[in-house]
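Hello,

Here is the structure I promised to pass on. My notes on it follow below.

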Amino acid sequence: MAVTDIAAPVTPAAQPARPGAWQLLFANTLATAGLIVITLVVLVALAAPVLPLADPNATAPAARLTPPLTDGYLLGTDALGRDILARLVWGLRVSLAVGLSATAIAAVAGSLIGLVAGFAGGRVDAVLMRGVDMVLAFPYILLALAIVAVLGPGLVNALYAIAVVNIPFFARNVRGLALGLSRREFVDAARLSGQGSAEILMREVLPNVLPVIVITMSTTVGWMILETAGLSFLGLGAQPPQADLGSMLGDGRAVLFTAPHVAIIPGVAIFVLVMSINLLGDGIRDVLDPRLKSGALARPGARTKIARTAAPAPAAPGALLEVAGLKTHFRVGRSTVEAVRGVDLAVAEGECLGIVGESGSGKSVTGMSVMGLVPSPPGVIADGAAFFRGDDLFALPDGALTALRGSAVAYVFQDPLSTLHPQFTIGQQLMEAIRVHAPVGRKEARRRAEALLAKVRIPNPARRLDAYPHELSGGMRQRVGIAMALANDAAVLVADEPTTALDVTVQAQILKLINVLRRETGVAVIFITHDFGVVSAVTDRVAVMYAGEIVETGPTAALLSAPAHPYTARLIACVPVLGEPDRAVKPIPGRPPALVDLPKGCAFAARCERAQDDCRAGPVPLAGSGSRAVRCLHPLTAEAA
Amino acid sequence: MASTILWRLLTAIPVLIGLSVIVFAIMAMIPGDPATAILGSYATPENVERLNRQLGLDRSLPEQYFIWIGNILQGDFGRSLSLNRPVIDEVLERLSATMLLAGTALVLATIAGLAAGVVSAVRQYGLADKALTLMVLIGISMPAFFLGLLLILLFAVKLRWFPASGMTAIYGGGGPGDIAHHLVLPALTLAVVATGVIARLTRTAMLEVLRQDFIRTARAKGVPERRVIARHAFKAALVSVIPVIGIQAGFVLGGAVYVETVFQWPGIGSMLVTAISTRDILLVQGGVLVVAAAYVLFNLAADVLQMAIDPRLR
Amino acid sequence: MSAILQLDDVARRFGGGRTLFGGAKPTVHAVRGISLTVARGETVGIVGESGCGKSTLARMVVGLDHPSDGTIRLAGNADRRASVQYVFQDCAASLNPRKRVRQALSVPLTKLAGLRGKAREARLAELMETVNLDPAFLDRYPHELSGGQAQRIGIARALAAEPDLLVLDEPVSALDVSMQAQVLELLADLKARLGLTYVFISHDLSVIESVSDRVAILYFGKLAEIGPARAVYAAPQHPYTALLLASAPAPGRPLDPPDEDDGTLPDPYDPPPGCAFAARCPRAEAVCREAMPPLAAHGGAPDHQSACHFPISHGAGARQGGSRQ
């Protein structure tokens, strides 16, 4: 059959068209506005010699301090009777030129220092960066003042001074990035491919650093224009008769009370110029910074958004926790990722249910949906319900749900380092878990926290209470995570890949602990994992998920020894099993379907050797008898397996 | 932790030495004959020669540095020629005025910036967030020297709520109330930019932190959302905000140069501008050195605070 | 069979030296003296938990790092880079995010194989065919690849210079199980077709068992046990190997590891004088904490060696039957 022919080369799927950088920039209204203003300003500044302007330096004592909008003087005149409009345009030219030159000097010098320091590392890095730190140890403008003091007032000297004090910002940003990049594996790979150091720096590292240089430039150029204007304002930059916006503002200050327009006009010009540069700079940063590009910085709410039309009724009376018809989607832009597509589950008191699946199967999202822990945006519960002792959790008000979190249903997460707060001791974190649910004092909470640590077999619990998470080993941290979940005698524990980040001997200890605690406390467990070995070690029943659906469920031992769904069978067959080195490992061809564009029939049909036309025709129901159920029209029978 | 702090204190020493070397090097770069530069072109040759000897300019540069730094460590910064008094007296007198102004501005900026940043992050894309983001953008694009002039026009000239310049009233001033009254406009002007930067960074840091796994853990154990934000997220966000407050202290000290000039506040900033115009190099040198040293000490305090809230750094 | 790679008492320490004031800087002992010979055409599996030094060892074998002590020798070929190549664990991270696949694969073809123009294009197409990918992938950027596809590209790049030996550093750990099987099958196929030798590093005992001819168990920078894969898995001599095997979950097997406080390693800044496993070992006696046990054969086949003062002995039947009870 065609699908089993793995010799067929893997072909790329069609790529969705991605918006280009300019498209993204123009989608940002503020940035576009900034770009338009800057373009206009630059055009005017460039065209200054050919514009029909008065001589900016021609004095007219008779017309001094003419107010704006007077005939012949659109913006009025200054204290010497010079035309402010003409001076503004010419001053703009000077300010722009100085600001851009300073930026260019700082960017080139700073980036070079940063690149070399970050890539070379060691002594070179230490010497260069200590020098840069020295410059940063001065309050910003003070060093510029000292430089101007030595070189003497003047526009070019101000330019140098501003450029020098900005070099550290480029050097630091670029160095940090270059340092990280040169430790990355692709640099090792380039080295193994035969490239030399200089070549790696220029061809592998630099292209990755360029966006940051551009971002730093676009966010500092406005600032540099401001600072050069500032030095001119103090009389230390542009010297008469030359004028930039800053020195015009400085001149206007003398007549502030009698003719405020002389100061206000150049001041507003500086503000508008810098503001539009900053708007554009922010826009450029958003386009180039990949973290912001994906909209990943959206703040997740305290609870998953619920957008279901009607709540289903509980179907499994007597279940401790029941999930019925759950559909959880991620809405990103205009597309909807259907992560969970109608999941039904139930756990009884003291039972351990495993949910097995590959990444993207929806197993974690199912677990998180129960207590509304799927981040929103982008997560949305589109349909279904979760019942705890018959109560619809999705219908509860926020306060009531928060009260049930940790006390009715508690969670243990995958990476115990990132899931504990790094700045609180484990005692503080345990006591908080206790005190948000039980009205007890600090002393009693501490006593209970100590008992919890003892319960999860942490030696020397009283002393460990004052340890911070980073002071414990991975296995200890996960024990703390479990202790925290047990703090309020929760009836259900959702353990989401709790041992995946751990070493195998530590994993075995944690699995054993979970088994012991189940016996001791009678807590029901939903155990989410990708590992059949782990499933077999801890669970009573198991549900296998694929592309957001449960494809098969049944008692663990029976399901593992005689899988009915072809996916379950193939998934088991493609994992090497300890003690069976001769068992052929048979891969599943192809990849799971994209969750944005799912086939209307069985999601596994495209990879299945048993698939027939009826599989692709329409949705396949989860059907079964007794404790087992399978979502397949042509299941494997016991004899075939 | 005590030993870490002690170690951090010791690391400030090379920084201070480095600062003094840079300041010395800059001063040594003065084109032409330094004595002439200090005394001006009308100085008599005898005076120039005497000053050269006095400054030790007939010796090698390293020797000059050690003589110079030795004097400075004894509090001898030389004599200001334009004011005809010891540099150290003038600098110390003006330092307190600058510290009052910059300190007030930094406290204002920190409180307002943190509050605005947290509100902005919690109400992301809401009306408050949009309004605050716009205000922040205006704040960081507004030149302090222009904002100062605008505030003078509005609050001093038009409304007459606050005085336009100085630190005390000419007649019968000098009390704490009087100084506070004079402090309002310059401190506000100086605080605006730093507020914007701190608010911006706090917003980003909060958004970043609110996506972390340990926030999910806090929610999963049933911590109410207000507490999640005020305790768990804020404390974690502070780790990246405090260094920025340290950097902003430098910008505030620098910005004081403009604000003191605009409001004629008798601080080191306005002193420096005058000293540069009158080419009073020793006064510039003393002022820069003292302010830079104060800034180093402030950053030291920020680092210690950082260690106090982040146990991983200890 | 001739040896292709020989490691002689290789050690790697990080840090060290003297501080400005003459005090000794702390030294991390990552690899603490490993001797190992890899024969042409075999697959040697290296297993160990985090911190055992397996990645440091791999980096030294390919030349990305150098031993502090001891020697690493590759047979024959004078140009070392051409004969050994490396496949990275994090396949996506080993590709420059700003370069297309074509550029990434062209570099070793130009630099190491000296190919240009048409010859290079032809070899590019051939490489893609070798790793079973459509040539259309040549114009993709790394972020447009799935984990399995990126790993195939990583393998193609390693094969570009026609190496004799591939060091595979956790090549399937970052992949989903169904992708894992695809890559394992590809690796088995390539080895057979191109006559490669593999050093296969993993923390996954069952993956190592299924791919290896010989297995080396690493603990805290030293070999705890080495031998033919079947012998080691069926009759582990070192108590650590036995603990690992008892800890690995397998479908249909109840899990009952011995009780332990915590599976922490000794301090890498201050390695113990004796056996590093002694603190966790149920069989440890005073001598274990004082003297380092040498790697030696203990009753089994001569090529099955372990570093233990009190190795677990197995009856003849147990060794053949593969029972661990």
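Strand S3 (residues 43-47) of chain C runs parallel to strand S8 (residues 214-219) of chain C, and four bridges join the two. Strands here are DSSP runs of E with at least two residues, helices are runs of H or I with at least four residues, and both are numbered from the N terminus. Two strands pair if DSSP finds at least two bridges between them.

This is a predicted model, in which local features need pLDDT of at least 70 and side-chain atom pairs count only at pLDDT 80 or more, while totals for chains, interfaces and linings use all residues. Residues are numbered from 1 along each chain as its sequence is written, and chains are lettered from A and ligands numbered from 1 in the order in which they are written.

Back to chain C: its open sheet has eight strands, ordered S5-S6-S7-S3-S8-S9-S11-S10, with mixed pairing. Strand S5 (84-87) and strand S10 (295-297) of chain C are at the edges with a single partner strand each, so one side of each has no neighbour in the sheet.

Now the interfaces. Chain A has 57 residues in contact with 61 residues of chain C, where contact means C-beta atoms, placed from the backbone, within 7 Å. On the chain A side, H18(A) gives the most, with eight residues.

Between chains B and A, 63 residues of chain B are in contact with 62 residues of chain A. H10(B) gives the most to the chain B side, with 11 residues.

Best wishes

How values were computed:
Contact = placed C-beta atoms within 7 Å.
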